[in-house]
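This report describes a structural model by its sheet, helices, core and a few individual residues. Please read it alongside the sequence and the coordinates.

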Amino acid sequence: MADTVKVTLVKSPVGAIPKHRRTVEALGLHKLHQTVELPNNAATKGMVAQVSYLVKVED
C-alpha cells in the first residue's frame, strides 16, 4: 500500500452541490486536470469517495 495517493480533478465542480465544491477545494484542487499527492488515510479516502464523480485516483 502506498503512502500517498494522486488525485486529479477531471470534471468541473461548478454544477456540483456546494458541500462537494468545498471538498474539492479542501483536497487542494483548483483547476481542471490538476493533480495533487495526498496521504493515503481514512480522511482522504472519505473525501475522495464523496466527490468520486469529479476526480480520478491513482495509487
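The sections below go through the model by topic.

## Basis of the model

The model is predicted: local features need pLDDT of at least 70, side-chain atom pairs count only at pLDDT 80 or more, and totals for chains, interfaces and linings use all residues. Residues are numbered from 1 along each chain as its sequence is written, and side-chain values use heavy atoms, with hydrogens and water left out.

Helices (H or I, at least four residues) and strands (E, at least two) are DSSP runs, numbered from the N terminus. Two strands are taken as paired if DSSP finds at least two bridges between them.

Three strands form an open sheet with antiparallel pairing, in the order 2-1-3. Strand 2 and strand 3 are at the edges and have a single partner strand each, so one side of each lacks a neighbour in the sheet. From one strand to the next the twist averages 30°; axes are lines fitted to C-alpha atoms, for helices over the stretch in contact, and angles run from 0 to 180 degrees between N-to-C directions.

Strand 1 and strand 2 run antiparallel and are joined by five bridges. In this pairing, Thr 4 stands opposite Pro 39 of strand 2. Strand 1 also pairs with strand 3 (residues 55–58), again in the antiparallel sense, over four bridges. Here Lys 6 is opposite Glu 58 in strand 3.

## The nonpolar core

A nonpolar core is a set of buried Ala, Val, Leu, Ile, Met, Phe, Trp, Tyr and Cys residues joined through side-chain atoms within 4.5 Å. The largest such core has 13 residues, and Val 7, Leu 29, Leu 54 and Val 55 have the most contacts inside it. Strand 1 (4–9) and strand 2 (35–39) each supply at least two of its residues. Strand 1 gives the largest share, three residues. In soluble globular proteins, nonpolar side chains tend to be buried together.

Val 55 is part of strand 3. Its relative accessibility is 9%, so Val 55 counts as buried; buried means under 20% relative accessible area, exposed over 50%, and partly exposed in between (1.4 Å probe, protein chains only). Leaving aside residues up to four places away in sequence, Val 55 touches Val 7, Thr 8, Leu 9, Val 10, Leu 29 and Val 48, where contact means heavy atoms within 4.5 Å. Val 55 and Gln 34 lie 21 residues apart in sequence, with a C-alpha to C-alpha separation of 9.9 Å.

## The helices

His 20, Thr 23 and Val 24 are the buried residues of helix 1. Seen down the helix axis, these residues fall within an arc of 100°, so they line one face of helix 1; the arc is that of the directions from the helix axis to the C-beta atoms. The buried residues of helix 1 pack against strand 1 and helix 2 (42–50). Arg 22, Glu 25 and Ala 26 are exposed on the other side of helix 1.

Thr 44 belongs to helix 2. With 8% relative accessibility, Thr 44 counts as buried. Thr 44 touches Val 5, Leu 38 and Pro 39, not counting residues up to four places away in sequence.

## Positive phi angles

His 33 is in the loop between helix 1 (18–26) and strand 2. The phi of His 33 is near 65°, a positive value in a residue other than glycine. Most residues other than glycine have a negative phi. His 33 counts as exposed because its relative accessibility is 60%.

## The salt bridge

The structure holds one salt bridge, defined as a side-chain nitrogen of Lys or Arg within 4 Å of a carboxyl oxygen of Asp or Glu. The side chains of Lys 56 and Glu 58 form this bridge, at 3.6 Å from N to O. Lys 56 counts as partly exposed, at 41% relative accessibility. Glu 58 is also partly exposed, with a relative accessible area of 36%. Side chains of opposite charge can pair when their charged atoms come close.
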